[in-house]
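Visitor: I'd like to walk through some aromatic residues with you. Could you bring up the structure?

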Amino acid sequence: MSLVYKGQNLYIDSTPIKSIAKKNITPFYVYSYNKMRNNYQTFYNYFKKINPLICFSVKSNSNVSLISELGKLGSGADVVSEGELRKAIKANIKPNKIVFSGIGKTEQELTKAIKTGVLLINIESESEAKLINKISKKMRKITNIGIRINPGVDANTLSKISTGKTDSKFGLPKSNFLSFCKNIKKFKNLKIKAVSVHIGSQITSVGPYRKTLNTLYKIIKLSRINFEYVDLGGGFGISYQDKEKKIDIKNYSRLVDKFQKKLNCKIIFEPGRFVVGNVGALISKIIYIKKNGNKNFIILDAGMNDFMRPALYNAKHNILPVLKLKKKLIGNVEFVGPICESTDSFIKYKNYSILNENNLVAISDVGAYGSSLSSNYNTRPLASEILIKKGKVKIIRRRQKISEII
Ligand code: LLP
């Protein structure tokens, strides 16, 4: 993570969190540009040999400034709605670097994507292909599509973020894919350019990826189609806790190199979490501290509406005090939000350094699926987002006004 202590004070890169909090209402998201650039380049460098197109998965963090910064580093975008498509365009991502994914794209969304001329629309059913063909015909266009295959692979990740198993709603099962390929000629306004796959998120071992590549290779050969692109999706797991396993991308990149050589195709990736997961923190203030039974509840001004992952997936995100008081410890601590739901709880600790009301804390590694998953639940305004770049503090989304949601 980009958070470090200098003495007792918590910094993001070389900026003290305390100083950012003086000028901004908590809770707020803060991101490190340096860390994001580093992650992006690290990812790219693993695959340098094959010069892939990296389409940042906009759903992981849909802040237009961040997308635009990634665009300047060479990234394209993986979008799943008209809103995300428009954000990518606004962030100056060229249409020929945008892929449009999702199982339920509407006619309006598809029309917008076809008009924009995105690189690929990754279809997930034959009905969707029919609809794209119909719209394209009306618009006298030939639309480039990819076909998402459901490889029937278990990604060994949280069941709620696993997408590649046979009984999941995603992609075309192998047999349907092959029959679709046979019938493709009847869709006169479609051009089949790609095969795509995405088996899940927060995947920490290479095994499921290896199986997927093997399955893809076999089925591509069976289809007898020369696909220009293979879009291998995202899913690369990061470590949220000390010593937690993360994906060995180097190992995976060797497999992808071989795969690419055998098929001589261009490779697309759609990483989200790997690029932005560890670049951000959610800064929150302690409203109250109270003891119920033998538990010390630390009640924050950030709630599950601001950051959903713990409530939704039981995800563990460490919480760090912005000012670390050295001596005393308190036992049995639970950090909770202000919302009237038991699941509005962030994390528990057996021991924690002493805290006081009004102190600030940082919930760590919230750059991916943090602000993008936040909501107005309890009619609470969306938090602001701040980017630290070259020592400058820039507000990249202002805090929503309550009047805007009434
Ligand atoms: N491509 C497709 C088609 C996807 O559905 C996703 C994520 C990605 C790429 C990016 O996956 P990543 O590299 O970030 O793992 N809200 C959950 C994660 C949901 C992921 C949905 N799809 C979480 O907070 O863990």
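Visitor: Are Phe-43 and Phe-236 buried or exposed?
Guide: This is a predicted model, where local features need pLDDT of at least 70, side-chain atom pairs count only at pLDDT 80 or more, and totals for chains, interfaces and linings use all residues. Residues are numbered from 1 along each chain as its sequence is written, and side-chain values use heavy atoms, leaving out hydrogens and water. Buried means under 20% relative accessible area, exposed over 50% and partly exposed in between, with a 1.4 Å probe and protein chains only. Phe-43 and Phe-236 both come out as buried.

Visitor: What kind of pair do the rings of Phe-236 and Tyr-252 make?
Guide: Rings of Phe, Tyr and Trp (its six-membered ring) pair if their centres lie within 6.5 Å; planes under 30 degrees apart are stacked, over 60 edge-to-face, and the rest tilted. Here the centres sit 6.0 Å apart and the planes at 40 degrees, so the pair is tilted.

Visitor: How many residues apart in sequence are Phe-236 and Tyr-252?
Guide: Helices (H or I, at least four residues) and strands (E, at least two) are DSSP runs, numbered from the N terminus. Phe-236 is in the loop between strand 12 and helix 9, while Tyr-252 belongs to helix 9, so the pair ties together parts separated by 16 residues.

Visitor: What is the relative accessible area of Tyr-252?
Guide: Tyr-252 is among the buried residues of helix 9, which also include Leu-255 and Phe-259. For Tyr-252, the value is 1%.

Visitor: Which residues form one aromatic cluster?
Guide: Phe-236 and Tyr-252 are both in it.
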